[in-house]
Amino acid sequence: MPEYKPVKCASESAINHTMDPPDRVLPRPNGGSCTFYSRQLRQYSSLPSHYRARDERKKPLSNIEFRCDLNMIKSWFANFNESQKRTTLLELYDMCNGSVWCHHGLSLRLEYEGGMHGRCYPGCMDFVTWFPLHLSLRILSYLDPKSLATCARVSRPWKEVSYHDILWQKLCQLPQWRLSEAGERKHRELHRKHNGRIDWRMAFVERYRLKRNWARGQCHVRTFEGHTQAISCVQFDEDRIVSGSHDKTIKVWNMRTNSQWSVMTLVGHSGTVRCLHLSGNRLVSGSSDCSIKVWDLEIKPLWSSIACKVTMLGHTDTVRCLQADEKKVVSGSYDMTIKVWDLKGGECLKTLHGHEGPVLCMQFDQRHLITGGGDSLIKVWDLDMGECMMTLEGHQNAVTCLNFDGERIVSGSLDHTIKMWHRDGGTCLATLDWRTSEGHTGVIRSLQADSWRIVSASDDKTLKVWDWATGQRLLTLRRHTDGVTCVQFNDFIIVSGSYDKTVKLWDF
């Protein structure tokens with residue numbers, strides 16, 4: 001085995017100025033065998049006795065020996081790939097833990113080179129380009145909508161990640177941005193792409209704009225005219241508005257056209273039409289002639305069909321309020337009773353007694369029935385048993401309107417106030433009036449509520465929008481020239497009727 005001989009240099013200055021290229025210290029020619037390279041390693045590790053002696057004596061290397069070893073290390077390092085070079089540097093850095101001068105010299109060099117990433121390519125620390133997609137999405141999912149939109153302007157990779165449907169779908173599902181069940185279905189169909197996927201970013205943009213318009217009161221108002229007397233009740237669906245009036249007629253309006261004239265007029269009641277309930281092509285109406293009628297409305301582009309299917313007789317005074325589902329109709333009357341009717345046959349199934357004044361408003365779900373009356377009371381009924389479970393007291397005058405979402409009740413009264421109640425405890429949570437809450441200055445005629453807002457109508461000629469959670473008045477709408485008698489709304493529009501004989505559509 002040949003003896004290892006270290007490189008001899010004429011002088012230290014010669015070494016400093018003459019650096020042997022790596023391939024001249026440990027030759028590993030291109031295409032050479034691994035056996036040759038391994039033999040050189042064995043020669044280096046087994047033969048240099050002066051190195052073993054140096055380790056035993058722990059004496060420092062001379063400049064010549066140091067330069068020779070350094071050239072050999074550099075020659076090996078040049079043959080490493082990028083991963084191996086990185087591993088070598090990290091391990092060498094770990095070996096410097098006890099040397100302050102090593103850290104000091106390294107920090108000075110890095111500072112001179114412009115920092116730790118002075119020679120890196122641009123964006124080397126951009127987590128969006130380095131991290132897997134699911135990690136980048138997880139980080140961006142904690143941003144609010146405005147910050148997420150700002151991220152799209154950083155760079156092209158940031159735009160691609162910040163436009164991902166997962167981020168915007170998550171925002172759309174937050175409580176403050178959710179729509180009603182019908183609104184959710186409409187939005188998904190509206191923003192469905194050709195491949196069947198939903199463009200959630202555009203869906204959220206529209207929801208953001210919609211909520212901003214509600215907060216600012218920015219809407220387009222259309223007016224429908226045709227009734228000859230005051231409007232008493234309104235209902236609407238995706239295409240139609242139905243209104244009842246003191247002129248004893250029911251008019252159906254097409255909200256998809258710019259025409260202010262009705263599509264059809266239903267004549268059949270002999271008194272004021274006081275209440276309506278529209279569901280699909282079925283319309284239920286109640287009147288001061290003590291009757292309830294069930295109509296079949298079939299409106300097509302080329303033809304229309306109107307038919308009164310059932311007439312329900314049993315009340316002895318004005319039918320003031322009603323609601324229907326697939327099987328039954330529940331009605332309240334000035335005769336102080338509540339009746340439950342079979343929808344198809346028209347027979348009265350049961351009659352509930354409890355109010356000591358006219359029953360002016362009502363709403364029911366699968367189990368509970370909530371009613372308000374001229375006796376200033378709100379009653380909670382078990383609809384199956386027909387028994388009054390609870391009575392809510394607090395209003396100083398007749399309860400004219402209410403809304404019930406399963407747990408919370410909101411009611412309006414002739415005493416000019418709106419009250420919020422909890423059904424289970426029967427406690428009044430808040431009172432909205434003109435003194436403390438910038439409320440109505442007239443009688444509350446109608447109201448409706450959804451998950452986050454309340455819309456109320458009053459004799460003071462205005463509609464007001466309230467925040468359900470805080471009771472704060474969000475905006476006041478003024479376009480009617482007389483008292484507003486009825487109101488209904490969804491996520492996109494408000495429909496109102498007034499003593500001024502007009503129906504108005506407020507499109508947000």
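Helices (DSSP runs of H or I, at least four residues) and strands (runs of E, at least two residues) are numbered here from the N terminus. With that in hand, look at residues 477-508: this stretch is 0% helix and 59% strand, and its end C-alpha atoms are 12 Å apart. Residues 392-431 can be read in the same way: 0% helix, 57% strand, with end C-alpha atoms 14 Å apart.

Before going further, note that this is a predicted model, in which local features need pLDDT of at least 70 and side-chain atom pairs count only at pLDDT 80 or more, while totals for chains, interfaces and linings use all residues. Residues are numbered from 1 along each chain as its sequence is written, and side-chain values use heavy atoms, with hydrogens and water left out.

## The whole chain

The protein chain has 14 helices and 28 strands. Of its 508 residues, 43% count as buried, where buried means under 20% relative accessible area, exposed means over 50%, and partly exposed lies in between (1.4 Å probe, protein chains only). A contact means heavy atoms within 4.5 Å. Among contacts between residues at least 6 apart in sequence, 45% join residues at least 24 apart.

How far apart are the end C-alpha atoms of helix 6? They are 19 Å apart, which agrees with the 18 Å that its 13 residues (82-94) should span at 1.5 Å a residue. The expected span is 1.5 Å times one less than the number of residues. At the start of helix 6, a side-chain oxygen of N81 comes within 3.2 Å of the backbone nitrogen of S83.

## Salt bridges

A salt bridge is a side-chain nitrogen of Lys or Arg within 4 Å of a carboxyl oxygen of Asp or Glu. The structure holds 16 of them.

| Pair | Closest N to O distance |
|---|---|
| E238 and K186 | 3.9 Å |
| R367 and D382 | 3.8 Å |

Take the E238 and K186 salt bridge to begin with. E238 sits in the loop between strand 2 (231-236) and strand 3 (240-245) and K186 in helix 13 (residues 181-190), so the pair ties together parts that are 52 residues apart in sequence. E238 is partly exposed at 38% relative accessibility, and K186 is partly exposed at 34%. These two residues also belong to a network of salt bridges that links K186, E238, D239 and R256.

Next, R367 forms a salt bridge with D382. R367 is in the loop between strand 14 (359-364) and strand 15 (368-373), and D382 is in strand 16 (residues 377-382), so parts 15 residues apart in sequence are tied together.

## A buried lysine

K464 is found in strand 24 (residues 463-467). K464 is buried yet has no salt bridge, and the nearest side chain of opposite charge, D460, is 5.5 Å away. For charge, Lys and Arg count as positive and Asp and Glu as negative, while His and the chain ends are not counted.

Which side chain does K464 join in a polar contact? The partner is T476, at 3.0 Å. A polar contact is a pair of N or O atoms within 3.5 Å; within protein, one must be able to donate a hydrogen and the other to accept it, and residues adjacent in sequence count only if both atoms are side-chain atoms. A polar atom of the K464 side chain also lies 3.4 Å from the backbone oxygen of E438.

H277, in strand 6 (residues 273-279), is buried with a relative accessible area of 18%. Its side chain reaches the backbone oxygen of A324 at 3.2 Å.

C321 lies in strand 10 (residues 319-324) and is buried, with a relative accessible area of 7%. C321 and V359 are 38 residues apart in sequence, with their C-alpha atoms 7.7 Å apart in space.
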